[in-house]
Amino acid sequence: MVIKNTYLQLAQIITGALVGILLTIHMVVMHLDAILGFFGIVNDTSWSSMMIRARQGIWAGIYIALLAFGLFHALNGLRNILMELNLSPRAERILTWFMIAIGLIFLAVGTYVPLALLGK
Amino acid sequence: MAEIRHRKNSLGITGWAWAGKYKLERYLYLLHRLTGLGLMLFAMMHLTATTVFRIQGQEIWTATMDLLHNLWFKVGEFLVVTAFVFHALNGLRLVLQELGFALGKPVPPIYPYQDAIRKKRPLTIAMIVLIILLVIVFFYDFNVGGW
Amino acid sequence: MSKESMKLITFHVQRYSPEKDQKPYLQKFTVPSKHGMTILDGLLYIKENIDSSLSFRTSCCMGICGSCAMIINDYPHLACHTQIEEFHTDTLTVKPLPNMPIIKDLVPDLQPLFERHKSVKPYIIRHDDRDEMEQPTVEFSQKPEELDSFLQFTYCIKCGICIAACPTSASTKEFLGPQALAQAYRYCADCRDGGQDQRLAVVGKDHGVWHCHFAAACSEACPKGVDPAMAIQLLKRKLVSKVVGGKANPPSPLIPIPVDTKPKVKAPDFTVKQK
């Protein structure tokens, strides 16, 4: 039990750091249009620009990694918050499995789409 | 003798949300929680848009993006960026301090009392200044791109 | 005392009697105050002159016993340690500490605090020599700098202010609270102690130390400068170091009491006749 909670928190810290790095890349690329445009880099949400990114393996990798780490960080964080609400042990168990299920569903869908677009 | 009925006096969620007269870090705790929940909500919406609508091809994607390109969504996106910058940098502070870095050493309890959080507040304020600077950079870019 | 130095202060005191009242209510009292008067003096004035049924805890009146912690103008203070003039106002609102049940008026039930304090084993644990713990013949070695590494955390008076300030304690009944967690670290950091693993097993459970999110309100409010927030972060460091394979230091050795030393200054003669 002791070890489990500490490992979960360590994983929270490590995924937090990884999400921080990957999401910074994502945010800079998607939002700093004017500054990146100055250096001749164009990224926007048009279909052509999006598909250029979707066909590159590196972007698929970044998106899937961001998804996996982000989902863990978000759902574990939400579980941490909800665990502070005096739930019964039964409700806490249900909560844990619910988080795992939600995480797996989003992970499956979110991994399938970039992989499917890779070959288009 | 009848059993004494103690009255419950727990603040509950009010205790999370009402930071009252407590100082800076108590408010950062609240903001960290709120930005975390907000980012998660956005991520869920964002995931739906980039999976369900993207896989259906160019027309649906372009239609979705046209729908999303309006003032309110732009403001929302700016708030997401702000929340991310705050959550990331405050998270960095939390990680360092929870692992015992940037806390200093225990001091003898001689009046006026000192504690780690008050001693290290200049660092926290430096972090907030950095957050504000980054948000200004993103604001500039949003402004150039047009709302 | 001259009439000029007196000032009338309105106390809004939260009253609740479990026999009579359905819910707590605020009662107004007017107290003449003079320079240097504490909140506790004001409450004692009310009890002696206006309403003897007002209940609150008090004992030492000097910030040592930790009995009179209460919420004064929306912030937890020791009533004996806080002067009326500090607030620069004529109206004061006095309420019992939140996050623990009310027994009557301003008296909170501190029993949960004491139970949680006991649960973290707040005493030196040694496995090498149990007889030595029961019937000590020698000293446990401790250098001054080793003492300094945890001395700040030993000044806890168990007043409950940190628990009233903690946002996690506000919502989670099972949460150990800043007081117990800080005391767990105080004993883990003591070089004479060998019970770190036992304590980490208690604080690492669900609703344990990882539900501290470092809001640091406990350290802000602590009237004794104990800095529980820092102790809890250092406790987390110990847990992480244990998980990644760090080893706890063995408890400090036993040091025989030196017998052949001479005092530098001659002890004064006995003033009382020796039998």
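Is C:Gln111 buried or exposed? Select it and see. This is a predicted model. C:Gln111 has 12 C-beta neighbours inside 10 Å, so it counts as exposed. The cut-off for exposed is 12 or fewer.

**Stop 1: around C:Gln111**

Colour helix 2 of chain C, residues 111-119; C:Gln111 sits in this helix. Ten residues of sequence separate C:Pro101 from C:Gln111. In space, their C-alpha atoms are 9.5 Å apart.

**Stop 2: chain C as a whole**

Of the 275 residues in chain C, 43% are buried. Next, consider the contacts in chain C with a separation of 6 or more: 70% of them join residues 24 or more positions apart.

**Stop 3: two helices inside chain C**

Select helix 8 (residues 196-203) and helix 10 (residues 228-243) of chain C. At what angle do they pack? The angle is about 105°, and the axes are 11 Å apart. Helix 8 and helix 10 of chain C are therefore roughly perpendicular to each other. Show side chains at the contact. Helix 8 of chain C brings C:Gln196, C:Leu200 and C:Val203. Helix 10 of chain C brings C:Leu235, C:Lys238, C:Leu239 and C:Lys242. By class, that contact has four nonpolar, one polar and two charged residues.

**Stop 4: where chain B touches chain C**

Bring chain B back. Here 34 residues of chain B are in contact with 41 residues of chain C. Which helices of chain B supply at least two residues each to that side? Pick helix 1 (14-17), helix 2 (24-53), helix 4 (71-98) and helix 5 (116-119) of chain B. The side of chain B that touches chain C has 16 nonpolar, nine polar and nine charged residues.

**Stop 5: helix 2 of chain B against chain A**

Now label the contact residues:

- Helix 4 of chain A: A:Gly70, A:Ala74, A:Gly77, A:Leu78 and A:Ile81.
- Helix 2 of chain B: B:Arg33, B:Gly36, B:Met40 and B:Ala43.

Colour them by class. The contact of helix 4 of chain A with helix 2 of chain B has five nonpolar, three polar and one charged residues.

How values were computed
Residues are numbered from 1 along each chain as its sequence is written. Chains are lettered from A and ligands numbered from 1 in the order in which they are written. This is a predicted model: local features need pLDDT of at least 70, side-chain atom pairs count only at pLDDT 80 or more; totals for chains, interfaces and linings use all residues. Helices (H or I, at least four residues) and strands (E, at least two) are DSSP runs, numbered from the N terminus. A residue is buried if 20 or more other C-beta atoms lie within 10 Å of its own, exposed if 12 or fewer, and partly exposed in between; C-beta atoms are placed from the backbone. Two residues are in contact if their C-beta atoms, placed from the backbone, lie within 7 Å. Ala, Val, Leu, Ile, Met, Phe, Trp, Tyr, Cys and Pro count as nonpolar, Asp, Glu, Lys and Arg as charged, and the others, Gly among them, as polar. Axes are lines fitted to C-alpha atoms, for helices over the stretch in contact, and angles run from 0 to 180 degrees between N-to-C directions. Angles under 35 degrees count as roughly parallel, over 145 as roughly antiparallel, 65 to 115 as roughly perpendicular and the rest as oblique.
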